[in-house]
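Trainee: Could we go through the helix packing and the ligand surroundings of this model together?

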Amino acid sequence: MGCEDMTEIFAHRGYAAAYPENTMISFQEAEKARADGIELDVQMTNDGELVVIHDEKVDRTTNGTGYVRDYSASQLRKLDARYKFGDLPKSERIPLLEEVLEWLAETALVCNIELKNGIFPYEGMEEKVALLIRQRNLENRIIISSFNHYSIVRFHQLAPNIETAPLLTDGIYMPWIYAASIRAKGFHPHHRTLQDDIIDASKRSGIRLRPYTVNKEAAMERFIRRGCSAIITDDPAKGVAIRKEIK
Ligand code: G3P
Ligand code: CA
């Protein structure tokens with residue numbers, strides 16, 4: 001995805017360092033900060049709507065309580081998702097995935113959709129996500145990731161033309177071979193697991209790698225200099241500035 005010789009800057013949950021994560025303002029501000037892409041998390045309501053929120057519960061990031069899967073979409077949309085950014089002038093809703101993709105289609109951004117179906121399997125999530133992407137003709141600008149690798153494989157079977165990338169928490173052996181074995185074009189490793197030889201071997205194999213969540217300047221610089229395909233960061237403005245300094 002994107003320019004192969006430049007490390008892209010993906011805004012993790014939007015511009016999460018300065019705006020409420022996974023909200024429209026956070027995505028819009030990431031674009032203004034000149035991020036190349038956004039990352040977001042998807043869960044599902046009890047009436048089958050795909051909503052953009054990280055946790056299975058609404059408690060941490062909204063003024064509500066309880067599980068996302070116990071809310072209908074309209075109930076969920078009444079919550080205020082500003083959480084620790086309560087001084088923002090107006091409340092922020094939990095976005096529908098559809099709403100984000102509608103906005104994204106008018107931008108040049110890439111979007112990394114993380115399927116949050118590792119704890120609750122959310123039956124039909126893969127089909128619904130694939131349908132929304134197709135309806136907006138966004139196949140070439142989406143990367144599907146998940147910690148649930150069965151879901152990654154299922155998504156690839158449903159939509160082989162949409163890029164997939166497993167999320168890796170631990171330093172597994174030869175992750176570029178693993179990614180290729182499940183037909184993924186890349187993988188998204190925790191940044192602390194990423195040794196230089198893994199970066200080099202993945203690049204040689206044509207497998208993209210986008211470490212998360214890279215917020216420290218030294219780590220950003222290292223991954224950019226080493227030629228990672230992208231870094232996923234809470235602070236896209238910092239990532240863009242560091243990349244510019246290096247060039
Ligand atoms: O996609 C990278 C990263 O978002 C995965 O971890 O917990 O922030 O969703 P988490
Ligand atoms: Ca995520």
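Helix packing and ligand surroundings

Mentor: Helix H8 (residues 217-226) packs against helix H9 (residues 236-246) at an angle of about 55°, their axes lying 10 Å apart. Axes are lines fitted to C-alpha atoms, for helices over the stretch in contact, and angles run from 0 to 180 degrees between N-to-C directions. Helices are DSSP runs (H or I, at least four residues), numbered from the N terminus. This is a predicted model, in which local features need pLDDT of at least 70 and side-chain atom pairs count only at pLDDT 80 or more, while totals for chains, interfaces and linings use all residues. Residues are numbered from 1 along each chain as its sequence is written, chains are lettered from A and ligands numbered from 1 in the order in which they are written, and side-chain values use heavy atoms, with hydrogens and water left out.

Trainee: Which orientation class does H8 have relative to H9?

Mentor: Angles under 35 degrees count as roughly parallel, over 145 as roughly antiparallel, 65 to 115 as roughly perpendicular and the rest as oblique. H8 and H9 pack at about 55°. H8 is therefore oblique to H9.

Trainee: Which residues make the contact of H7 with H8?

Mentor: The axes of helix H7 (residues 196-204) and H8 come within 10 Å and cross at roughly 30°. The contributors are Asp196, Ile199, Asp200 and Lys203 of H7, with Arg222, Phe223 and Arg226 of H8.

Trainee: How far from an oxygen atom of ligand 1 is a polar side-chain atom of Glu39?

Mentor: Ligand 1 is surrounded by His12, Arg13, Glu39, Asp41, His54, Glu114, Lys116, Phe147, Leu167 and Tyr212, a residue being near a molecule if one of its heavy atoms lies within 4 Å of it. An N or O atom in the side chain of His12 is 2.8 Å from an oxygen atom of the ligand, and for a polar side-chain atom of Asp41 the distance is 3.4 Å. For Glu39, the distance is 2.7 Å.

Technical notes: Helices (H or I, at least four residues) and strands (E, at least two) are DSSP runs, numbered from the N terminus. A polar contact is a pair of N or O atoms within 3.5 Å; within protein, one must be able to donate a hydrogen and the other to accept it, and residues adjacent in sequence count only if both atoms are side-chain atoms. Contact means heavy atoms within 4.5 Å.
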